[in-house]
Amino acid sequence: MAPSKREYERRRYEKWQQRQAAREARRRRQRALIAAVVAGVLVVGVGVAAVLVTLGDSDEAPPAADTTTPTSDALVPDAALAEGRAWTGTLRTSQGDIGLELDGVNAPQAVANFVTLARDSYFDSTACHRLVTSGIKVLQCGDPTGTGTGGPGYSWGPIENAPADDFYPAGTIAMARVGGDGESMGSQFFLVYEDSTIQSDAAGGYTVFGRITSGLDVVQAIADAGNGDDGVAPALDVIIEGVETQ
């Protein structure tokens with residue numbers, strides 16, 4: 001990746017973090033206001049009562065989200081936002097559109113996280129930074145820095161909806177994480193373009209939160225073009241232009 005492109009992605013990521021910090025500050029003010037109102041109600045209530053008597057780095061496992069960024073549990077989207085239902089969506093990339101179905105029933109935290117980040121335009125203009133063509137067959141995306149170490153400023157767990165047999169069929173959409181750490185998921189995810197067996201580690205398997213409903217041929221074409229000069233990123237530039245969910 002050219003230095004100018006990395007600098008652009010770094011600045012974009014910093015701006016997103018600033019928006020998140022501002023949002024969290026608003027949430028703290030709102031919570032403080034609600035607490036004050038509730039306290040007032042309780043005081044009144046007490047008076048009335050008196051009267052009435054909280055991938056891996058190897059080719060065999062998807063790498064992880066950033067673990068160096070301080071985590072704030074308050075920033076992790078509420079799993080209830082998944083609404084316990086199936087979601088549909090489109091991952092629009094520079095190489096073509098990919099249709100998605102997200103499983104808010106069996107992976108509510110992952111879906112709530114993905115949908116929230118998508119609606120915040122977090123994924124927009126980010127590159128899919130890792131392509132694995134041997135051992136496992138995956139394209140990894142969701143890192144705003146394009147380095148494989150970036151994340152949204154928080155991590156979450158535990159693992160949801162991991163296959164008991166370690167088999168991830170073509171079209172699977174799953175979360176990347178740190179090896180051996182089931183609480184390290186953030187924003188990075190991977191698309192399985194050919195049937196793959198991804199071995200569980202000490203923490204278990206990988207959170208499967210959706211499947212590709214159209215455009216698997218787009219991912220396959222990216223894989224067919226192979227890796228770039230660094231042997232990690234795809235040879236074709238894969239830029240996420242936007243993510244739509246409903």
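Analyst: One disulfide (a pair of cysteine sulfur atoms within 2.5 Å) is found in a search of the whole structure. This is a predicted model, in which local features need pLDDT of at least 70, side-chain atom pairs count only at pLDDT 80 or more, and totals for chains, interfaces and linings use all residues. Residues are numbered from 1 along each chain as its sequence is written, and side-chain values use heavy atoms, with hydrogens and water left out.

User: What is the handedness of the disulfide of C128 and C141?

Analyst: The sulfur atoms of C128 and C141 lie 2.1 Å apart. The torsion about their S-S bond is about 95°, so the disulfide is right-handed.

User: Is C141 buried or exposed?

Analyst: Buried means under 20% relative accessible area, exposed over 50%, and partly exposed in between (1.4 Å probe, protein chains only). The relative accessible area of C141 is 0%. C141 is therefore buried.

User: Which residue forms a salt bridge with E101?

Analyst: A salt bridge requires a side-chain nitrogen of Lys or Arg within 4 Å of a carboxyl oxygen of Asp or Glu. For E101, the closest N and O atoms of the pair are 3.1 Å apart. The partner of E101 is R211.

User: Is R177, which meets D201 in a salt bridge, buried or exposed?

Analyst: The side chains of R177 and D201 meet at 2.9 Å, N to O. D201 is partly exposed, at 29% relative accessible area. R177 has a relative accessible area of 1% and is therefore buried.
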